[in-house]
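Thanks for coming. I have one structure to go through today, and I will take it from the overall fold down to single residues. Please have a look at it first.

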Amino acid sequence: RLVVLANFHQNSTKDVTISVPWSPGTTLSNAVSVSSNEVLTVDSAGQIRRELQPLEALVLVPAPVVTLPPVVLSVFPKHGAKVAWPTGSSLKVALKVKFDRPMQPAVLDYLLLNGKVTTGKL
């Protein structure tokens, strides 16, 4: 379950009070901006209250927000492809992996082609 709060007004703030399906005392976090430490707590009447800034939107879910691991969208060469390196060759092959989000370049230093993590810390 989730609750979406949005203010489509360009110039005015809106004070929103809404009944939610969670029990009083449940803390809700904004799943869109997990870097924000803001939490809302369901009150004894089963409601939450929040002032929304112009054009602001929140997607509220019970805390803590769980961040899913990155997903591989595509690889090159394609899965199952075979690349032959002649013995003693200086042939270079570009390996490309596209993820669903930006990755830290340092990740490359800690992974082998078999997907196992090498020693070291990110």
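**Overall fold**

Reading along the sequence, the protein runs β-β-β-β-β-β-β-β. In other words, there are eight strands and zero helices. Keep in mind that this is a predicted model.

Some totals before the details. The protein has 122 residues, and buried ones make up 16% of them. If you take the contacts between residues at least 6 apart in sequence, 57% of them join residues at least 24 apart.

**The core**

Which residues make up the largest nonpolar core? There are 11 in all: Val-3, Leu-5, Val-20, Trp-22, Leu-28, Leu-40, Val-42, Ile-48, Leu-52, Leu-58 and Leu-60. The elements that give two or more residues to this core are strand E1, residues 3-6, together with E5 and E6.

Take Val-3 from that list. Leaving out residues up to four places away in sequence, Val-3 touches Ile-18, Val-20, Pro-21, Trp-22, Leu-58, Val-59 and Leu-60.

**Around strand E3**

Next, Ser-29, which sits in strand E3. Is Ser-29 buried or exposed? Its relative accessible area is 11%, so Ser-29 is buried, the cut-off being under 20%. Its contacts, again not counting residues up to four places away, are Glu-38, Val-39, Val-59, Leu-60, Val-61, Ala-63 and Val-65. Ser-29 and Pro-64 are 35 residues apart along the chain, yet their C-alpha atoms are separated by 6.9 Å.

Thr-26 is in the loop between strand E2, residues 14-19, and strand E3, residues 27-30. The side chain of Thr-26 reaches the backbone oxygen of Ser-23 at 2.7 Å. Beyond its neighbours within four places in sequence, Thr-26 is in contact with Leu-40, Thr-41, Val-42 and Pro-62.

**Salt bridges**

Side chains of opposite charge can pair when their charged atoms come close. How many salt bridges does the count come to? Four.

One of them joins Arg-49 and Asp-15, at 3.1 Å from N to O. This pair links distant parts of the chain, with Arg-49 in strand E5 and Asp-15 in strand E2, 34 residues apart. Arg-49 is exposed at 53% relative accessible area, while Asp-15 is partly exposed at 48%.

Another is between Glu-38 and Arg-50, where the closest N and O atoms are 2.5 Å apart. Glu-38 lies in the loop between E3 and strand E4, residues 39-41, and Arg-50 lies in strand E5, so the pair ties together parts that are 12 residues apart in sequence. Arg-50 is buried, with a relative accessible area of 12%. Glu-38 is partly exposed at 29%. A network of salt bridges links Glu-38, Arg-50 and Glu-56.

Then there is Arg-101 with Asp-100, whose side chains meet at 3.1 Å, N to O. Arg-101 is partly exposed, at 31% relative accessible area, and Asp-100 is partly exposed too, at 36%.

**Backbone points to check**

Most residues other than glycine have a negative phi, and most peptide bonds are trans. Here are some exceptions.

Leu-55 is not a glycine, but has a positive phi of about 60°. Leu-55 lies in the loop between strand E5, residues 47-52, and E6. With a relative accessibility of 56%, Leu-55 counts as exposed, because the cut-off is over 50%.

Where is the chain cis? The peptide bond from Ala-63 to Pro-64 is cis, with omega near -5°. Pro-64 is in the loop between strand E6, residues 57-62, and E7. The bond from Phe-76 to Pro-77 is also cis, with omega near -5°. Pro-77 is in the loop between E7 and strand E8, residues 96-99.

**A surface patch**

Last item. Val-72, Val-75 and Val-97 make a nonpolar surface patch of about 230 Å². Val-72 is in strand E7, residues 72-76. Its relative accessible area is 45%, so Val-72 is partly exposed, falling between the 20% and 50% cut-offs.

That is what I have. Questions are welcome.

Note on methods:
Residues are numbered from 1 along each chain as its sequence is written. This is a predicted model: local features need pLDDT of at least 70, side-chain atom pairs count only at pLDDT 80 or more; totals for chains, interfaces and linings use all residues. Side-chain values use heavy atoms; hydrogens and water are left out. Patches are made of residues with over 30% relative accessible area and no salt bridge: like charges are joined within 9 Å, nonpolar side chains (Val, Leu, Ile, Met, Phe, Trp, Tyr) within 5 Å. Accessible areas come from the Shrake-Rupley method with a 1.4 Å probe; for residues, only the protein chains shown count as cover. Helices (H or I, at least four residues) and strands (E, at least two) are DSSP runs, numbered from the N terminus. Buried means under 20% relative accessible area, exposed over 50%, partly exposed in between (1.4 Å probe, protein chains only). A polar contact is a pair of N or O atoms within 3.5 Å; within protein, one must be able to donate a hydrogen and the other to accept it, and residues adjacent in sequence count only if both atoms are side-chain atoms. Contact means heavy atoms within 4.5 Å. A nonpolar core is a set of buried Ala, Val, Leu, Ile, Met, Phe, Trp, Tyr and Cys residues joined through side-chain atoms within 4.5 Å.
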